[in-house]
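Please look over the sequence and the model below before reading on.

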Amino acid sequence: VEYCVEPKFDGASISLIYDNDQLIRAATRGDGVEGDEITTNIKQIRSIPLSAPFSDYGIQQIEIRGEVLMNKVNFKKYNDQLISQNLPPLANPRNAASGSLRIKDSREVNKRNLEAFLYHVSYFTTIDTKQSKKNKQPPTTHSGSLEMLWNLGFKSPQKERKILNGIQAVTDYCLGFENGRDNLPYEIDGMVIKVNDFILQDKLGMTTHHPR
């Protein structure tokens with residue numbers, strides 16, 4: 001079995017919906033069924049495109065999920081700023097990212113230098129491929145979806161991901177990756193291992209929480 005392995009980013013989970021190439025809605029994960037509307041704040045994060053040519057792939061509407069982060073350098077700068085103002089520092093980058101998404105003043109979000117990794121296509125609807133500008137096909141693998149997002153201007157883990165054959169190779173890679181974990185520019189809380197082929201993923205099915 002071919003697997004795609006990537007870091008499990010430790011941030012705030014988001015869902016983005018693009019329709020006719022335009023970002024129309026952003027939400028937090030919430031309880032898994034209902035989250036908070038955060039579209040205005042998400043538009044302040046420079047690594048999230050306000051529009052992307054999904055139509056080149058024959059896609060009309062798409063939901064993509066990812067994680068909003070504050071990297072270690074920006075987290076330290078922000079905490080130093082708080083301390084200089086005699087304000088209590090934030091506990092960790094994850095809390096900093098999560099709290100930022102719920103701020104009512106979107107201008108404050110812009111100041112926090114957040115970034116976002118987009119790593120999962122939840123669903124998409126297609127248009128007539130004859131209307132597609134470049135007549136590309138939607139991806140059939142997880143690694144292909146990461147490449148598509150990267151090519152469309154998103155910060156996906158295209159460079160961080162690794163494609164491996166067999167579970168032993170996955171285990172060896174994860175153990176080796178752990179040795180360099182502290183040197184990463186962002187916090188992670190593990191690795192995500194996915195069957196790469198979407199057809200095989202569908203055959204495996206879902207639990208109530210995540211893909212098998």
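## Cysteines and disulfides

A disulfide is counted here when two cysteine sulfur atoms lie within 2.5 Å of each other. This is a predicted model, and a search of the whole structure finds zero disulfides.

Cysteine 4 has lysine 194 in β7 as its bridge partner. Strand β1, which covers residues 2-9, is joined to β7 by six bridges, and the two strands run antiparallel.

These strands belong to an open sheet of three strands, arranged in the order β6-β1-β7 with antiparallel pairing. At its edges are β6 (162-165) and β7 (188-195), each of which pairs on one side only, and the twist from one strand to the next averages 30°. Helix α5, made of residues 142-151, lies across β1, β6 and β7, and runs at about 50° to β1.

## Helix α3 and its surroundings

At the start of α3, a side-chain oxygen of asparagine 92 comes to within 3.2 Å of the backbone nitrogen of arginine 94.

Which residues of helix α3 (residues 93-100) are buried? They are Pro93, Ala96, Ala97, Ser98 and Ser100, and the elements that cover them include β2 (12-19), α1 (39-42), β4 (59-69), α2 (72-84) and α4 (106-111).

Terms used
Residues are numbered from 1 along each chain as its sequence is written. This is a predicted model: local features need pLDDT of at least 70, side-chain atom pairs count only at pLDDT 80 or more; totals for chains, interfaces and linings use all residues. Side-chain values use heavy atoms; hydrogens and water are left out. Two strands pair if DSSP finds at least two bridges between them. Helices (H or I, at least four residues) and strands (E, at least two) are DSSP runs, numbered from the N terminus. Axes are lines fitted to C-alpha atoms, for helices over the stretch in contact, and angles run from 0 to 180 degrees between N-to-C directions. Contact means heavy atoms within 4.5 Å. Buried means under 20% relative accessible area, exposed over 50%, partly exposed in between (1.4 Å probe, protein chains only). A polar contact is a pair of N or O atoms within 3.5 Å; within protein, one must be able to donate a hydrogen and the other to accept it, and residues adjacent in sequence count only if both atoms are side-chain atoms.
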